[in-house]
Amino acid sequence: MKTITVQMELGGRTFSLETGYLAKQAAGSVVGSFGDTKAFSSVCHSDPRPGLDFFPLSVDYREKLQAAGKFPGGFMKREGRPSTKEILTCRLTDRPVRPMWPEGYKDEIQVCSFVVQIDRENDPDIVSMNASFAALHIADLPFQGPMGAVRVGRFEGKLVVNPTDAERAESDLEIIFAGTRGAISMVEGTCAEISESDFLDCIDFAHGHIKKICGLMDELLKKTGTVKTPYVPKESNRHSIYDQIMESGEYDARLKKALLTEGKHERGAAVKAVRSEVIAALVADDDEEAAAKTSAIKSAWHDLESKIVRNMLLDGKRVDGRGLRDIRPIEIVAGWQPRLHGSAVFTRGETQALVVCTLGTLKDQQIVDGLAEEYSKKFDFQYNFPPYCVGEVKPIRGVSRREIGHGNLAERALMGVLPEPIDFPYTIRLISDILESNGSSSMASVCGGTLAMMDAGVPLKQPVAGIAMGLLKDGDKVSILSDILGSEDHHGDMDFKVAGTGRGITAVQMDIKIMGVSKEIMGQALEQALEGRMHILKCMMKTLDRPAASISEFAPRLLLMKVPVEKIGLIIGPGGKTIKRIQEETGAKVEIEDDGSVHISGLEALGAEEAQRQIQMLIAEVEIGAIYHAKVVSIKDFGCFVEVLPGQEGLVHVSELSNEFVSNVGDVVKMGDYIDVKVIARDEQDRIKLSRKAVLQDKKN
């Protein structure tokens, strides 16, 4: 098969899709290019596993360092487990693809993608996403594409599609959109407190470019000549069992009553009890197909439960009795434990997050290495979802992709309100442990993160709160839910998380189970989210209305100062002698960066402040007319030399030692004496001339 290429202009650069040369045994394979950044993606499928009750889609994206001409660090010169960036890109690809398949489709689908090369201007994540969408589109699979993805930035007040790395650094928003010709289906991004109307403008802008990408993918499909085999759902007794349950006329009413039981676990137990009665009534103990029938009943029961919940929500009734716009009761404890640097327990309904803030020094920053240049992170948000938070028992085998994604969302929501490093030089680590979960635990983590940092004395620019919105859509009938429960997320059509301050949005994430949502629905959801966010912020401010005046006594003291680069050697001293002496005398840790940034840390404030004072003395310039308390370091016949500042000496001539005639310098001063001297001049050779007599004369007058 010959190579087939289609291309278009996107954001002033060439975007192309190529197939037919690589990985011809895959169901579909595409190389995507944007500028000189290229990513390869392939798609394969296999027959469904027996008894599978979910769609087994998996996405793997890797950034091999060869793409940037780099070697992996460490002893093993081979890429290891996926990095945070790789996992986040897997999620960006997976979430919009998942709803794009026919109901009941259970074939195993695997998408594998890797970066071929990067040009250090264009991020490969968007290229990989589009290559994956294209590979799915040209494969003989019932993928209901095409779909496309773009990144939107705002550079110098103008919206930009797929901004370069340099433009992203100056942009006040960065949002990734995926969608079809008809609607947007996935949103993930960070904003600098932008308004809801500005966000809707971003949607319009992004969708216009996504439509063009969809057209390019259709052109690629046409050129490949792929004829898609119509999907025929496999026969199942699931629907007949569903009809049997409905024929009785009693179980749906009893299920609806059980669904209105107060409390998540109590509600689950009531629903399970009714389901057990159905199984007992329809499956005989000696039935040879008991296991298969029981599995089919459970699937049918899920369909019935989903239908009842959806109908209730479309009629404006929620299982916990709230109105569609109501927020669950909020309870907050700030400063939960006194020895933690900062902490908060944020409880909303049956969702509870314990968030702890730990303050660290420069050496505590995380070093991040990947395709781009290595950099350090001074803010890190980690999210944990242990099994006990939902009353389950399961093995804990490391951090899940979901936990990494939720932590990253909370981190992006809070990054924009952090103080500048010069004002607050601490490394900040937030850990959110979800203790209870019934919907919107990531947004509870955002709220708890704000409160924990305020409790720790971090001078945030603005407090941030988050809320998760839900959607039920059936034809023209639409219900938008504020602060969704877990069951509303499960049976609903959208999970739309919005975090922000009282001034605007800082982060968004949207996942949907339908083909897309309109701009009008998004606008209504944003308006409702703003209302809910302001309510939550007011509750937070009632508990803690401003950051603590000082950091915890158990946190390290960290001071940041800037010194001229040419003075770095003076602070370090020969063989590190000077900096070692400062650290030994004060008990503080002193770290100097190449740009002259000096980080001073210590367990006690006095030690850190003394180290700062000594460094300031080292770099200070001697001022003419100033008086110094100086140490005599050398005595000569013509006068004495004194150390005015560390490393800076000057001469007090014998004629400037006293108001009286001095015949012998040793009669006035001794080695090691401290005397007050005034700077009277600096000559052409930068030698300092001092006078003790001038100080004595000033005191006399």
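Predicted model: local features only at pLDDT ≥ 70, side-chain atom pairs only at ≥ 80, totals over all residues.
Which residues is phenylalanine 496 in contact with, leaving aside its neighbours within four places in sequence?

Figure 1. Leaving aside neighbours within four places in sequence, phenylalanine 496 is in contact with Phe199, Ile467, Ala468, Met469, Val508, Gln509, Met510, Met522, Ala525 and Leu526. Phe496 is also listed, together with Trp101, Ile109, Phe177, Phe199 and Met453, among the residues with the most contacts inside the largest nonpolar core, a set of 158 residues. Helix 4, which covers residues 196-224, gives this core its largest share, namely twelve residues. Another core, of 20 residues, lies apart from it and includes Val642, Val677, Val679 and Ile688. In soluble globular proteins, nonpolar side chains tend to be buried together.

**Figure 2. The chain as a whole, as a setting for the close-up views.** The chain has 16 helices and 29 strands. Its radius of gyration is 33 Å, well over the 27 Å that the globule rule gives for 701 residues, so the chain is more spread out than a compact globule. Along the principal axes, the C-alpha trace spans about 120 × 65 × 45 Å. Of the 701 residues, 51% count as buried, and among the contacts with a separation of 6 or more, 69% are accounted for by residues 24 or more positions apart.

**Figure 3. Serine 601 and the residues it touches.** Serine 601 is placed in strand 24, which runs over residues 597-602. Its relative accessible area is 7%, and because buried means under 20%, serine 601 counts as buried. When residues up to four places away in sequence are not counted, serine 601 touches Thr361, Arg557, Leu558, Ala588 and Lys589.

**Figure 4. The cis peptide bond between glycine 145 and proline 146.** The bond that joins these two residues is cis, with an omega of about 10°. Proline 146 is found in the loop between helix 2 (124-138) and strand 7 (148-155). Most residues other than glycine have a negative phi, and most peptide bonds are trans.

**Figure 5. Alanine 23 and glutamate 193, each with a positive phi.** Although alanine 23 is not a glycine, its phi is positive, at about 50°, and this residue lies in the loop between strand 2 (13-19) and strand 3 (28-34). With 36% relative accessibility, alanine 23 counts as partly exposed. Glutamate 193, which is not a glycine either, has a positive phi of about 55°, and its place is in strand 10, residues 184-194. Glutamate 193 is partly exposed, with a relative accessible area of 23%.

Terms used
Residues numbered from 1 in each chain as written. Heavy atoms only, no water. Helix = DSSP H or I, 4+ residues; strand = E, 2+ residues; numbered from the N terminus. Rg over C-alpha atoms; globule rule 2.2 N^0.38 Å. Buried < 20%, exposed > 50% of the residue type's maximum accessible area, 1.4 Å probe, protein only. Contact = heavy atoms within 4.5 Å. Core = buried A, V, L, I, M, F, W, Y, C linked by side-chain atoms within 4.5 Å.
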